Amino acid sequence: MSRMSKAYIAGIYEHPTRKAVDKTIPQLHAEVAIGALKDAGLTKDDVDGYFCDGDAPGLGGMSMAEYMGLNITYTDTTETGGSSYVVHVGHAVEAIAAGKCNVALITLAGRPRAEGLTTLGARDRGGELPERGFEIPYAPVITNMYGMAAMRHMYEYGTTSEQLAWIKVAASHHAQHNEHALLRDVVTVEDVVNSPMISDPLHRLDCCVISDGGGALIVVSPEIAKSLGDRCVKVLGHGEAVKHLNGGRFDLTYTGAAKSGPIAFAEANLKPADMDYASIYDSFTITVLETIEDLGFCEKGQGGKFVSDGNLISGVGKLPFNTDGGGLCNNHPSNRGGMTKVIEAVRQLRGEAHPKVQVPDCTLALAHGTGGQISTRTGAGTVILGRNDA
Amino acid sequence: MSPQERTYQDPDINMETERYWEGSKNGQLLMKKCNACGKTHFYPRTICPVCSSSDTEWYEASGKGKIYSYSIMRRAKIPYVMAYVTLDEGVTMMTNIVESDFDDVKIGKAVEVTFRDTEGNQSLPVFRLCK
């Protein structure tokens, strides 16, 4: 059967750099845009819609549109942290379906490594943040905030460090085949649990990499997709959600995926078991574990069992995930991993993933982004994608 | 227990929250409760996030609660315990656990409020394990 799709992903590009000391952020935006347009067989003059996150230089997307020489009649700068680009895909599809644009460009770029970011600094965005006084003095940093989610999940469901470690092990099995991956050594469960404790219960190898670079996506109307050929990938469903501390009544054992996933699956009229491949946001191993449960790949609390024994390794397990090595091993450009999640899902559906990790006859795939922090405020974005003939 | 305790950055204080920080200086943990829906919320706001009423008022919390979750930040120069504590009043707040051996900190353990001076002479509520 051939499923309806309101729009297609026609172009993808992941910047090969992982440390961009010699490039500006605008330059990186332009490089990824050119890469994705070339991949799609389009030029910048075809672009009439532009999407970027709130981190891009300038007010909204205006400075980047000017830098790249885009003439646009539609823009969206929705900011949900690392999930922004997954959300942007959904918004681009809706804009195209409404006739507001025909060729949407989505870009992400950043250089935290070149700028010397470490994981120890408090994330302080300043300004008029209402929660700031009640959080910053306690020194919340990304690792201890995710550590608290992991600790609570372990307490409620008996999840173990060894089970979390399997997620890194699976990512490392995939990353060994990616020449651009920052960490290419295959690791074992023992390697992960014996790596230094950063913030209990998360070890160094439970954490993602810090990397520079970025990526871009081109979303086009069905008419344009038809003219570009069968490398275009269908967008079958999209869901998003914001989860927060809810006035002091919250549960850290789930993420916004518990809402965005069902919305996306319902729109696509598909279920988790239909997915041949999944890109799951992996800032930390716990992020993957909670998200897999929330998306319905297994029951809540069973994530530890589900990810064990190589179940996420392509060619070995039931749910091949993050076959590029993910944020855990390959790339987490600008500390925002949603972009690369969509890119690898598209590679899989095109049959263009590395042969050693390509899922045979990959027809349906999911990409999920998690933004902000799962222990405070988090934005979720889920897309269900299908091969051109899906 | 860490031999040293880290210094605490000043909180941001604004007209909605200054009463909370004054209370802290006086050794009180103040909460905001909504008179319309009866619910306590955290962090304190003028407008209730549960029902949107602006009929909210301050009261002094018991200062007692249980650890909801925690993480020991071992990589910091002076390691510390990041935590969420669920107060007896039903809301959960971000905090640090102090004066306690790291090995004794567990989810579900009873804690009580205490206060620490910040760098700019404000006061910050933190928690310690109940004896």
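## The nonpolar core

Start in the middle: the largest nonpolar core here has 149 residues, and Ile9(A), Val89(A), Ile218(A) and Val219(A) have the most contacts inside it. A nonpolar core means a set of buried Ala, Val, Leu, Ile, Met, Phe, Trp, Tyr and Cys residues joined through C-beta atoms within 7 Å. Buried means that 20 or more other C-beta atoms lie within 10 Å of a residue's own; with 12 or fewer the residue is exposed, and in between it is partly exposed, with C-beta atoms placed from the backbone. In soluble globular proteins, nonpolar side chains tend to be buried together.

This is a predicted model, so local features need pLDDT of at least 70 and side-chain atom pairs count only at pLDDT 80 or more, while totals for chains, interfaces and linings use all residues. As for the names, residues are numbered from 1 along each chain as its sequence is written, and chains are lettered from A and ligands numbered from 1 in the order in which they are written.

Leaving out residues up to four places away in sequence, Val89(A) touches Ile9(A), Ile106(A), Leu217(A), Val219(A), Val235(A), His238(A), Val342(A) and Val383(A). Touching, or being in contact, means that the C-beta atoms of two residues, placed from the backbone, lie within 7 Å.

## Two domains in chain A

Chain A is assigned domain 1 (8-114 + 212-232) and domain 2 (138-209 + 237-386); such bounds come from an automatic or database domain assignment. The C-alpha centres of domain 1 and domain 2 of chain A are 23 Å apart.

Where do they meet? In chain A, 29 residues of domain 1 are in contact with 31 residues of domain 2. On the domain 1 side, strand 1 (8-14), helix 3 (84-97), strand 4 (103-110) and strand 7 (213-220) of chain A each supply at least two residues. Helix 3 of chain A has the largest share of that side, seven residues. Helices (H or I, at least four residues) and strands (E, at least two) are DSSP runs, numbered from the N terminus. By class, the domain 1 side that touches domain 2 of chain A has 12 nonpolar, 11 polar and six charged residues. Here Ala, Val, Leu, Ile, Met, Phe, Trp, Tyr, Cys and Pro count as nonpolar, Asp, Glu, Lys and Arg as charged, and the others, Gly among them, as polar.

## The sheet in chain A

Chain A also has an open sheet of nine strands, in the order 3-2-4-7-1-8-11-10-9, with mixed pairing. Strand 3 (74-76) and strand 9 (277-280) of chain A are at the edges with a single partner strand each, so one side of each has no neighbour in the sheet. On average, neighbouring strands of this sheet are turned by 20 degrees against each other, direction ignored.

Inside the sheet, strand 1 and strand 7 of chain A run antiparallel and are joined by six bridges; two strands pair if DSSP finds at least two bridges between them. Tyr13(A) stands opposite Ala216(A) in strand 7 of chain A. Helix 1 (residues 25-40) of chain A lies across strand 1, strand 4 and strand 7 of chain A, at about 40 degrees to strand 7. Axes are lines fitted to C-alpha atoms, for helices over the stretch in contact, and angles run from 0 to 180 degrees between N-to-C directions.

## Where chain B meets chain A

The contact between the chains takes 33 residues from chain B and 26 residues from chain A. Strand 4 (64-73), strand 5 (80-87) and strand 6 (92-97) of chain B each give two or more residues to the chain B side, and strand 4 gives the most, with six residues. That side of chain B has 20 nonpolar, nine polar and four charged residues.

Strand 5 and strand 6 of chain B form a hairpin with four residues between them, and Gly90(B) in the turn has a positive phi of about 100 degrees. Six bridges join these antiparallel strands of chain B, and Thr86(B) stands opposite Thr92(B) in strand 6. Six of the six residues of strand 6 of chain B are buried, so this strand is largely enclosed by the rest of the structure. Thr92(B), Met94(B) and Asn96(B) point one way from strand 6, and Met93(B), Thr95(B) and Ile97(B) the other way.

Asp200(A) and Pro201(A) are joined by a cis peptide bond, with omega about 0 degrees. Pro201(A) is in the loop between strand 5 (197-199) and strand 6 (202-203) of chain A.

Glu99(B) is not a glycine, yet has a positive phi of about 55 degrees. Glu99(B) is exposed, with 11 other C-beta atoms within 10 Å.
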